[in-house]
Amino acid sequence: MPARLFLSSGDLMADRRYEFARDLQLKGDLAAAADLLEQAVELAPNFASAWFTLGKIRRQLGERKAAVAAFHRARAADPDDHHGATLHLMQLGAEEISAMPSAYVKALFDHYAPRFEVALVGDLGYRGPALLFKAVLLVHAAAKKPAYFSRAIDLGCGTGLAAFAFAKNVDRFIGIDLSPRMIEKARATALYAQLEVDDLLQGLRGRPETSAELILAADAMVYVADLAPVLVEAQRVLTAGGLFAFTTETHDGDGVIIGEGLRYAHGAEYVRVCVARAGLKLAHLDNSSARNEENVPAPGLVVVAIKA
Ligand SMILES: C[S@@+](CC[C@H](N)C(=O)[O-])C[C@H]1O[C@@H](n2cnc3c(N)ncnc32)[C@H](O)[C@@H]1O
């Protein structure tokens, strides 16, 4: 994943201490790195990057209470939470599961964009778009319908890998993504008739009723805690017989958790309930992994919901 985000404190001495601390952290001297970070935040009490790094180091040292306190300070210093302190607080059980800060997602993928495809497809064996394509073909074959869609929306479109997989089966693609740099990459593919920098739920809310035959979300719902409002909007935007096809990561229990990789995992039963409550019909739910984590397939679901 991308190199660590750095937001200067505006105090040269504090920034220097932070840099030394990072060197020590990389060399494995966590206690010395924590000492230097404590000095940095004494000099610059609103130094979000230092508080965040301190939180991570306290976590590595097994000092949960101090880690929680540092992550709280990181977020207080930067309420938009570019570093994603909220995700660590959720992982530590210090907070309920809630939405991912959009500033964090944007910073993450803006940074990731130049090497996204090499890292995800090459290093992590990413196969989300191919899985969605296969699932959509299966659903349409079972209904004896040609898998052709005049209007489609790609939620969390990234660099355009899903549009590429569906290019021959879709006439007009709209792509929506929070990250301007990912959108730039998507624009360069010329696969999209329209691209919007927006949150995927807000973007869907801006679409007219019954205006798409297909909605895709390939490896994007893993950044969305609550699937329910997205499914409700998808139901509104789809035409009768239209499909919403998405991948997500999953876990054996129920509900939504945040995994080690700082992405959400949705239980299969939770997905079933959200689909039904949105007034959609589950046409396909398959245990298939869209990417590897530590060289092992991350447990995942491929879901196709249909508007009856
Ligand atoms: C792992 S990438 C997948 C990109 C693409 N769908 C693919 O299959 O290659 C996840 C993308 O979702 C976007 N994303 C995450 N949360 C989002 C949100 N709430 N609204 C819009 N885009 C979001 C990210 O910016 C990123 O480009």
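The shell around the ligand divides into twelve nonpolar, three polar and four charged residues. Here Ala, Val, Leu, Ile, Met, Phe, Trp, Tyr, Cys and Pro count as nonpolar, Asp, Glu, Lys and Arg as charged, and the others, Gly among them, as polar. The model is predicted: local features need pLDDT of at least 70, side-chain atom pairs count only at pLDDT 80 or more, and totals for chains, interfaces and linings use all residues. Residues are numbered from 1 along each chain as its sequence is written, and side-chain values use heavy atoms, with hydrogens and water left out.

**Ligand surroundings**
- The ligand is surrounded by 19 residues (a heavy atom within 4 Å), and the closest are Tyr126, Gly156, Asp177, Asp199 and Leu200.
- In the side chain of Asp177, an N or O atom is 2.6 Å from a ligand oxygen atom, a polar contact (a pair of N or O atoms within 3.5 Å).
- Of the 590 Å² that the ligand exposes when taken alone, the protein buries 98% (Shrake-Rupley method, 1.4 Å probe).

**Aromatic residues**
- The whole structure holds eleven aromatic pairs (ring centres within 6.5 Å; planes under 30 degrees apart are stacked, over 60 edge-to-face, the rest tilted).
- Tyr112 and Phe116 are edge-to-face because their planes stand at 85°, with ring centres 5.5 Å apart.
- Phe244 and Phe246 form a tilted pair, 4.9 Å centre to centre with 40° between the planes.
- Tyr112 and Phe116 are both buried (under 20% relative accessible area, 1.4 Å probe, protein chains only), and Phe244 and Phe246 are both buried too.
- One aromatic cluster is formed by Phe109, Tyr112, Phe116 and Tyr223.

How values were computed
A polar contact is a pair of N or O atoms within 3.5 Å; within protein, one must be able to donate a hydrogen and the other to accept it, and residues adjacent in sequence count only if both atoms are side-chain atoms. Rings of Phe, Tyr and Trp (its six-membered ring) pair if their centres lie within 6.5 Å; planes under 30 degrees apart count as stacked, over 60 as edge-to-face and the rest as tilted. Buried means under 20% relative accessible area, exposed over 50%, partly exposed in between (1.4 Å probe, protein chains only).
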